[in-house]
Amino acid sequence: MTVIGTRKLGRTGPTTSALGLGAMGMSDMYGPADEAESIATIHAALDAGVTLIDTGDFYGMGHNELLIHDALRGRDRESVQLSVKFGAQRGPDGSWLGYDASPAATKTALAYTLRRLRTDYVDVYRPARLDPNVPIEETVGAIADLVKAGYVRHIGLSEVGAATLRRAAAVHPISDLQIEYSLISRSPEAEVLPTARELGIGVTAYGVLSRGLLSGHWTPQRELAGTDFRGHSPRFQGENLAHNLALVEALRAIAEEKGASVAQVAIAWVAGRGADVVPLVGARRRERLSEALGSVDVHLDAADLAAIEAAVPADAAAGERYAAAQMAHLDSERSEHSAPREH
Ligand SMILES: NC(=O)c1ccc[n+]([C@@H]2O[C@H](COP(=O)([O-])OP(=O)(O)OC[C@H]3O[C@@H](n4cnc5c(N)ncnc54)[C@H](OP(=O)(O)O)[C@@H]3O)[C@@H](O)[C@H]2O)c1
């Protein structure tokens, strides 16, 4: 039987399962999902030893939190760590309206989240992006008030760069940084990961399958709902997609030799980047979850890592990980040595 194991999120964060479940796709971003299957998938994850569940209040505008509440009914709340993102502003049509991580918005958002999750605390609370209009010290200060009052246990961050990590950590200990990190999204390696390590901040890695592109199951024929993120993601378009799927085939040859699937090798690679990295898997069906959890039994030795690096070099992907407008919101893509942002 697969034993998931545990990891500690940073110097001050909670101990969680070595893999977390990201629930986003159960409510948003990847077209329609089946609610009963989503709940069955969360149950299967919990039963397999997954304790970390990641969500955002804007995933289906509350739907994802309500779904998680349903799935956790009758379960021991203390045995699960709920990681919640806030700050993204959206209209009723799903449009993106910017970010608000001001102290008042931060506290208000948590109040709604606690009601939807029907819990009296969140394990890790984090702004989804750096709010360009609010100094990070103010956002972290507001969450620190919520920690003091017992509503939040740990403070996390998402997609911020090294300079922001330093400023935030000077206000309050930060448990973990959530950031996209995969075989084909390696920009955190230059500055962000070394800084997180220096500051004792753990990493919850998302997009470890590059949103399904690296799963080994993606085909150019797949039909996408108009709301599917991948319909607009540069990596899934035309020639970029053909180039990227050729990388997946190179990876498949390595995976087959190891008796593993492409997805399992891709997840094992991220998990192997350090004991401070917890991959979030975005499975929304039990079959996919079971495949993803099987990655813990895949051990990559030095020869495997060299073969993987040769098949999929660090900058091999065609296309950015987000479209240009969304890339502009990523503080994580700005160098620590570039000019500071105005506030
Ligand atoms: N902080 C942030 O900015 C941020 C951004 C995005 C996500 N996240 C968090 O990270 C979590 C994971 O991200 P993600 O869903 O984009 O990443 P991912 O794990 O790279 O992609 C997940 C998608 O890959 C496909 N897939 C195919 N085979 C799979 C397998 N064996 N196991 C899992 N998925 C498989 C599924 O799509 P189909 O079901 O369509 O086949 C699934 O929805 C999210 O749920 C969310 O909690 C955070």
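**View A. Contacts of Ser182.** Ser182 touches Gly207, Val208, Leu214, Trp269 and Val270, with residues up to four places away in sequence not counted; contact means heavy atoms within 4.5 Å. The model is predicted: local features need pLDDT of at least 70, side-chain atom pairs count only at pLDDT 80 or more, and totals for chains, interfaces and linings use all residues. Residues are numbered from 1 along each chain as its sequence is written, and side-chain values use heavy atoms, with hydrogens and water left out.

**View B. Setting of Ser182.** The loop between β10 (174-180) and α6 (192-199) holds Ser182. Helices (H or I, at least four residues) and strands (E, at least two) are DSSP runs, numbered from the N terminus. Ser182 has a relative accessible area of 0% and is buried (under 20% relative accessible area, 1.4 Å probe, protein chains only).

**View C. Shell around the ligand.** The ligand is surrounded by 30 residues, each with a heavy atom within 4 Å of it. Tyr30, Asp54, Arg129, Arg222 and Arg284 are the closest. By class, the shell has 12 nonpolar, nine polar and nine charged residues. Helix α9 (residues 286-293) supplies the largest share, three residues.

View D. A polar contact is a pair of N or O atoms within 3.5 Å. A side-chain N or O atom of Tyr30 is 2.4 Å from a ligand oxygen atom, and a backbone N or O atom of Met24 lies 3.1 Å from a ligand oxygen atom. In the side chain of Ser158, an N or O atom is 2.9 Å from a nitrogen atom of the ligand. The ligand taken alone exposes 880 Å², of which the protein buries 97% (Shrake-Rupley method, 1.4 Å probe).

Terms used. Polar contact = N/O pair within 3.5 Å; in protein donor to acceptor, adjacent residues only side chain to side chain. Nonpolar A, V, L, I, M, F, W, Y, C, P; charged D, E, K, R; others polar. Buried < 20%, exposed > 50% of the residue type's maximum accessible area, 1.4 Å probe, protein only.
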